[in-house]
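Subject: Structure for your review

Dear colleague,

Please find below the structure that I am handing over to you.

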Amino acid sequence: MDLKKYTEANRIAWNEAMPYHQKAKDGKFFKAFQAPGYSCLDEIVTEKLREIGLAGKDVAHLGCNDGRETLSLKNLGAGKCIGFDISDIAVEEARRLAETARVPCGFVRTDIYEIPEIYDNSFDLIFITIGFLPWLPDLKRFLKIASRLLRKSGILLIYDSHPFTQMFNSDKKDEPFIMTESYFRKEPWVENRSLDYYSNTPYEASTHYDFSYTLSDIINGLVSSHFEIIRFDEYDHDISLCYEYLQKAGPGMPLSYILVAGKK
Ligand SMILES: C[S@@+](CC[C@H](N)C(=O)[O-])C[C@H]1O[C@@H](n2cnc3c(N)ncnc32)[C@H](O)[C@@H]1O
């Protein structure tokens, strides 16, 4: 598979999207991080991090975007925190945020498939949140890289939208909810729609690609990459800003999950 065809297109698309996000956020996190110890992470994942034990752990945050979650991990007591992201503009913003907030975190602009070997065996925890995995054209290859980055017995934590949500068209937010897409879709989504999920400003984005992975793809991928599943929890709350309408509908759909896996 020509990974670069996908990841380079996605880099361009994320660079286009960032100014819309920045406008919508209007410096929100620059202000919030003025408060010492501020964290934007919700109580559910914070509790999970407490259970794992975050204090002093060296963390790689993959797909860190603007760095707000990376800084939050540091403020919650992590050791070395490094965010990795393919978007030049996201990484610039993350560096500015860390500098302004005086929270010592490092940021590396890289395609996740090209993380330099110097980072191998360097982390106790890999942290991945909302909406990063669907940007990856090759899940198995990615999980092997994740394993490489971790020290022995290191932990990988994924907090993401439940793949079940992929069955709905996120543009159609009105009832009745119709499942239009296959849960088992294999081909990439080829899209030009706006990536501004903060303010939903419509704009014609350059072509970008995302991918559907089922829970079994993720769990079996981890097992094949020599991870053991430590904990898997599903939730009925939306963490994406895209599926709040499903949450409000109330029948208890699986909208997000946390998966904790350990490197054997
Ligand atoms: C939906 S955003 C979510 C990021 C983060 N969880 C957040 O909430 O801010 C996905 C991020 O993945 C990054 N990304 C996409 N493909 C990537 C790749 N191949 N390597 C590194 N980062 C990538 C994008 O630049 C973007 O910042």
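The notes below describe the sheet and some of its strands and helices.

Please bear in mind that this is a predicted model.

The sheet as a whole

Seven strands form an open sheet in the order β3-β2-β1-β4-β5-β9-β8, and the pairing is mixed. Strands β3 (106-109) and β8 (227-235) are at the edges; each has a single partner strand, so one side of each has no neighbour in the sheet. On average, neighbouring strands of this sheet are turned by 15 degrees against each other, direction ignored.

Strand β1 comprises residues 59-62, and both of its faces are covered. Val 59 and His 61 lie on one side, Ala 60 and Leu 62 on the other, and all of them are buried. In a regular strand, side chains alternate between the two faces of the sheet.

Strand β1 is joined to strand β2 (residues 81-85) by four bridges, and the two run parallel. Across this pairing, Ala 60 stands opposite Ile 82, the bridge partner of His 61 is Gly 83, and Leu 62 stands opposite Phe 84. Between β1 and β2 the chain passes through helix α4 (residues 68-75), and this β-α-β crossover is right-handed.

Strand β1 also runs parallel to strand β4 (residues 123-128), to which three bridges join it. There, Val 59 has Leu 125 of β4 as its bridge partner.

How many of the residues of β2 are buried? Five of its five residues are, and the strand is described as mostly covered. Cys 81, Gly 83 and Asp 85 point one way from β2, whereas Ile 82 and Phe 84 point the other way.

Strand β2 pairs with β3 in the parallel sense over four bridges. Together with helix α5 (residues 88-101), β2 and β3 make a right-handed β-α-β unit.

A helix at β8 and β9

Helix α7 (residues 215-224) lies across β8 and β9 (256-263). The direction of α7 is at about 160 degrees to β8.

Yours sincerely

Note on methods
Residues are numbered from 1 along each chain as its sequence is written. This is a predicted model: local features need pLDDT of at least 70, side-chain atom pairs count only at pLDDT 80 or more; totals for chains, interfaces and linings use all residues. A residue is buried if 20 or more other C-beta atoms lie within 10 Å of its own, exposed if 12 or fewer, and partly exposed in between; C-beta atoms are placed from the backbone. Two strands pair if DSSP finds at least two bridges between them. A crossover is right-handed if, with the strands pointing away from the viewer, the path from the first strand over the helix to the second runs clockwise. Axes are lines fitted to C-alpha atoms, for helices over the stretch in contact, and angles run from 0 to 180 degrees between N-to-C directions. Two residues are in contact if their C-beta atoms, placed from the backbone, lie within 7 Å.
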